[in-house]
Amino acid sequence: MVIETGVAAGVSTNAMLSALQINGAGNLLSLDITLKVGELVDDKLKTRWKLEILPELARENSFAKYLKENNEATIFFTTQITQGHGKLRNSIMWSATYQVSN
């Protein structure tokens, strides 16, 4: 299991899904804050992909929930941690990680 935050156009998402497909195992859970993402993800790879949109009013709790529910994840991938709304994402991730560990 791979967990990714922030999909954007889906370049990294597609690369990870391709690797999972080649290895013949694993799934990708992508968490984002908008539905307008992933246009570059190959339709043939989407069977290994689950996109979840975090609700605006409860992003911190939702992120923690997905981490708890997918604790078998071995890779956590994120990009643009300090740019734009990435600062919000960074805050949500740290808070959610704290909630999961306590």
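Residues are numbered from 1 along each chain as its sequence is written, and side-chain values use heavy atoms, with hydrogens and water left out. Because the model is predicted, local features need pLDDT of at least 70 and side-chain atom pairs count only at pLDDT 80 or more, whereas totals for chains, interfaces and linings use all residues.

The protein chain contains three helices and four strands, arranged along the sequence in the pattern β-α-β-β-α-β-α; helices (H or I, at least four residues) and strands (E, at least two) are DSSP runs, numbered from the N terminus. Of the 102 residues in the protein chain, 36% are buried, where buried means under 20% relative accessible area, exposed over 50%, and partly exposed in between (1.4 Å probe, protein chains only).

Within helix α1 (residues 11–23) lies T13, which is buried, with a relative accessible area of 0%. Leaving aside residues up to four places away in sequence, T13 touches E4, V7, L28, S30, V41 and W49, a contact being heavy atoms within 4.5 Å.

Two salt bridges are counted in the model, each defined as a side-chain nitrogen of Lys or Arg within 4 Å of a carboxyl oxygen of Asp or Glu. One joins the side chains of D43 and K46 (3.1 Å, N to O); D43 is exposed, with a relative accessible area of 60%, and K46 is partly exposed at 33%. The side chains of K50 and E52 also meet in a salt bridge (3.3 Å, N to O), in which K50 is partly exposed at 49% relative accessibility, while E52 is buried at 17%.
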